[in-house]
Every structure is written in C-alpha cells, then in structure tokens.
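Let's take a friendly walk through a protein model together. Please have a look at the sequence and the structure below before reading on.

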Amino acid sequence: MSTVNYSEKIPNNVNLGEDRTLQRALEGWQPNFVNWWDDVGPDGSTAYEVYLRTAVSVDPQGWAQFGHVKMRDYRWGIFLNPGDANREIHFGDHKGEKAWQDVPGEHRANLRRIIVTQGDTEPASVEQQRHLGLTAPSMYDLRNLYQINVEEGRHLWAMVYLLHKHFGRDGREEAEALLQRQSGDANNPRILGAFNEKTPDWLAFFMFTYFTDRDGKFQLSALAESAFDPLARTTKFMLTEEAHHMFVGESGVSRVLQRTAQVMNELKTDDPQKVRAAGAIDLGTIQRYLNFHYSVTIDLFGADQSSNAAIFYSSGLKGRYEEGKRTDDHVLKGQTYKVLEVVNGQLVEKDVPMLNALNEVLRDDFIKDSVAGVQRWNKVLEKAGIPTRLTVPHKAFNRQIGALAGIKMSPDGRVVNEQEWAAKKNEWLPTPDDFAFVASLMGRVVDPGKFAGWIAPPVMGINRQPVDFEYVRFG
Ligand SMILES: [Fe+2]
Ligand SMILES: [Fe+2]
C-alpha cells in the first residue's frame, strides 16, 4: 500500500521498515501530527528556517547535526539507545529476571497509563509556548525556543512509537487522543495541572524550562530504569535532549539577573519601581515567578503517599532516580521514609512505608537538583555585589496536590491562616501587576546580535557559532 519508503521518511534506528503494520500505523498518524503542529505549534513560523540540531544517531559523539530547516520539515524520528540482550531488571519484585522486550499482560494498563501521561506533557509544552516567538528577546533566544519545541515534538513521537508498537488498537487510540487534548482547554485539557498553566512571557518560559523540564528529567530518569526495555531505551535518549532545555532555562534566568543587577548598580538602587522604570525586571518579581513555577512543578510528582507509586516500583515499571547508584536492596520492603503531614493545622514529620512514598523520594531528589541551580543564580547577584538572594519556597508552599494541599504556608515555612495568606499572597506569587509589567517589556527583538533591554546577551552562541549568527532566516 505504502508507496514511499517510510523507514527513510521517519528517521529511526528500530528497523521500522521491517514491520509493515507498524509502519502503516505511524504513516496514518504522521499527517495528524503535522496538522497539530500547524494548528497549535509555534505561531507564525511556517516560513522560517531555523538553525536546529537534528538527531542522526544515538552515539554520544555524533547524535546531532546542525543546519537551517523549516520546522514542519524537521526530521522527527524514533531513536532508542542501544539494547543489551542480557539486561536484567534491577529493582522490585522481578529483580534479577530478564528485562521485558514486550509488555506483560498484567502490567499493560499501568504501563499504558505511564506512557500516555509522559507523552501528554510533550505536545502540551509546545502549545503553552506557541505565542512566545512573537516576543522573542533575541534571534538567539528565538532559536532556542524553537529547538525545544521541535524536540518536545520528537518526545511525543517517542511515546507514540511505544503506544503503536506495543499496545495495539488501544495504543493507536491513545496516540490520537494525544493530539486532541489541548493545554488549558476547558473541555479537553492536558492531563497534568502544570501543563494547563499559561506560559505568558519569557521570564515564565525560562522558569518553566528550568523547573518543569527538570521534572521531565526526573520522570524520564525513573522510566529509564524500567523493566520494560523499549521504554528504558527511549527515555535514555530523550534525557540527552532534555539537558539543553534546562540549560535554556538556567542560562535565561541568569542573564535576566545579570541585566537586573547591572541596572541596580548603575542606578545605585534596590527600589523595584526604579528598576522597572529602567526597563529591567526587579528581583521581587523574579522571586515571585520562581515561587509559582517551583510550587506548581513539585505538584507534578503526585501525592506524597501513593499505592500506585508502590505498585509501579515493585512491579518494575518505574524505578528511582539513579536506581543503579543506590546501595540498598532495591526492593524496599519494610523500609520507611519521612513525609510531612498536617496535624491540627501544623506540619509534622511522619515515617511511612518507603514504597508508598516513592513520589516523595523523587520530589526530594528534584528539589536537591533545583536548589543547586538557584545557588548558581545567586552567584550572579553575589558577583555583582547585590546582597539579595533568591530562595526556593518551602515544600508545602502553594501546593494543590497531596497532604500539603490542605494547608496555607508562607514561602519561608510558617503555617499561616487564611487572613495572612490573603494579605501576603501578592508578595509571594506573581500579581496581575507583575504579569502586566513583564508583558510590557516583551517586544520582539530579532536582528542578529541584538538583545532586549531586560536580558544580557549569552556568553557564547550555539554550536560554536557567534552570538550574532543568523540563527533564524525569516524568509
Ligand atoms: Fe520532553
Ligand atoms: Fe523538555
């Protein structure tokens, strides 16, 4: 039936051409994906040629190739890290058994749910970021946004491949539904809360890629341990792409801080109104954005106690971050972990079975990793001689999911009553005025080498190109 050689049309290292049924199924899905990209992908970008990296192999040396391409012609492909025929399951009740090359019947529903939930986040973030190109602070930043967008598209392909190959008709239906849900849609929203929030401006984008793409890193790392070998291999390759997304967030916020510090020093002021009047973003606004994105993102790890988390681990579907580097028994029966609980309106620590607390374990690993980058941001302020420091809020601040949702907490970890929350909320979370101010700075600056006034240029360009390289040709 198929007249084109689809194994060339979809770059892949999974011998797609040898499986005609699968090839045809993906062939059916592909135009729907492109339609989705045209409808809700990067706004107004159809004619642009963007300096993008494309995966051409999974070798650590040569996986990326750079060149100017139109995004809808991007070679979205299917890449799995090399398999090891002798790989063994290394945690849970099946520890020591051979890894699965196909889905065991009893784990089918749970694995499908895990893959769909991960897959749903990928197109969601493209939808959330679709208008940002219209207000890019530079051509360099515009290119980074688009690189992230096409790679999130590829991550969707990665999950859709697993659904099509291993889950039959159900999998194909799920793959269609991944293109139908839409971020923020009232009737058919994306599955997880943070992926229905708006990413209204570039400060939000940098915070999102720093915090929320880092949630991606931790979820993918846990799935890279999976007994279901195709899932482990595909998520390992996704992680190499994710690193760039977090780099964009971390360096983006650093550059905003650098510019703000410069303005504060020039004007010899820490008055937010004066900083704003000079066209930079005051540190209070940056802290409130941080508080929002951090708290919304840690909700993504789910309830602090979860029987599903225990089942996913014990049955080998989802491990812990860096499972292989841990020195315990990798079964975790009889072990405990401390979680926070609300008792009489106060937080208390409580020991619970570790298997049930694995969401919290992953969240705590994420928190450690996040804090390290915030300390690097503070170095920017320190170097500039600014005494203010950014902090991550308390774990219980602004939570909507799990036991901590039932409490009002200040960022510095005090339980507060409703009145205090209402009175202080505007100091702790971005206000309509903050959003309006940041929005007022968002003009489009896209001449090569030019940068908006609220952000410093990067130290170097992409792929050793100069900072003023023509990263996007507008055509
Ligand atoms: Fe992703
Ligand atoms: Fe990402």
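The protein averages a pLDDT of 95, and 98% of the residues score at least 70.

Over residues 1–7, pLDDT stays under 50. For these residues the model has 13 contacts beyond four places in sequence. Where pLDDT is low, the predicted coordinates should not be read in detail.

## Two helices side by side

Now find helix α4, residues 139–166, and helix α7, residues 229–267. Their axes come within 10 Å and cross at roughly 170 degrees. Angles over 145 degrees count as roughly antiparallel, so α4 is roughly antiparallel to α7.

Which residues of α4 and α7 meet? From α4 come Asn144, Gln147, Ile148, Glu151, His155, Ala158, Leu162 and His166. Facing them in α7 are Pro230, Leu231, Thr234, Met238, Glu241, His244, His245 and Val248. Sorted by class, this contact has seven nonpolar, seven polar and two charged residues.

Met139 also belongs to helix α4. It is buried, because 25 other C-beta atoms lie within 10 Å and 20 or more is enough to count as buried. Leaving aside neighbours within four places in sequence, Met139 is in contact with Val446, Pro448, Tyr471 and Val472. Met139 and Leu290 are 151 residues apart in sequence, and their C-alpha atoms are 25 Å apart in space.

## Checking helix lengths

The expected span of a helix is 1.5 Å times one less than its number of residues. Helix α9, residues 283–298, has 16 residues and should therefore span 22 Å. Its end C-alpha atoms are 22 Å apart, which agrees. Is α9 enclosed or open to the outside? Of its 16 residues, 15 are buried, so α9 is largely enclosed by the rest of the structure.

Helix α2 can be checked in the same manner. Its 21 residues should span 30 Å, and the end C-alpha atoms are 30 Å apart, in agreement. Buried residues in α2 are Gln23, Ala25, Leu26, Trp29, Phe33 and Trp37.

Pro42 sits in the loop between α2 and β1 (49–55). With 23 other C-beta atoms within 10 Å, Pro42 is buried. Although Pro42 and Leu145 are 103 residues apart in sequence, their C-alpha atoms are 9.2 Å apart in space.

Arg72 lies in the loop between β2 (64–70) and α3 (108–128). It has 15 other C-beta atoms within 10 Å and is therefore partly exposed. Beyond four places in sequence, Arg72 touches Val34, Trp37, Asp38 and Thr46. Its C-alpha atom is separated by 9.4 Å from that of Gly41, 31 residues away along the chain.

Tyr210 is part of helix α6, residues 202–223. With 27 C-beta neighbours inside 10 Å, Tyr210 counts as buried. Residues up to four places away in sequence aside, Tyr210 touches Met246, Gly249, Glu250, Val253 and Gly373. Tyr210 and Arg190 are 20 residues apart in sequence and, from C-alpha to C-alpha, 20 Å apart in space.

Most residues other than glycine have a negative phi. Which phi value does Asn15 have? It is near 55 degrees, a positive value in a residue other than glycine. Asn15 is found in the loop between α1 (6–9) and α2 (20–40). It is exposed, because 9 other C-beta atoms lie within 10 Å and 12 or fewer is the cut-off.

Glu322 also has a positive phi, near 50 degrees, and is a residue other than glycine. Look for Glu322 in the loop between α10 (307–314) and β3 (336–343). With 12 C-beta neighbours inside 10 Å, Glu322 counts as exposed.

Conventions
Residues numbered from 1 in each chain as written. Chains lettered and ligands numbered in written order. Predicted model: local features only at pLDDT ≥ 70, side-chain atom pairs only at ≥ 80, totals over all residues. Axes fitted to C-alpha atoms, helices over the stretch in contact; angles between N-to-C directions. Helix = DSSP H or I, 4+ residues; strand = E, 2+ residues; numbered from the N terminus. Parallel < 35°, antiparallel > 145°, perpendicular 65-115°, else oblique. Contact = placed C-beta atoms within 7 Å. Nonpolar A, V, L, I, M, F, W, Y, C, P; charged D, E, K, R; others polar. pLDDT = per-residue confidence, 0-100.
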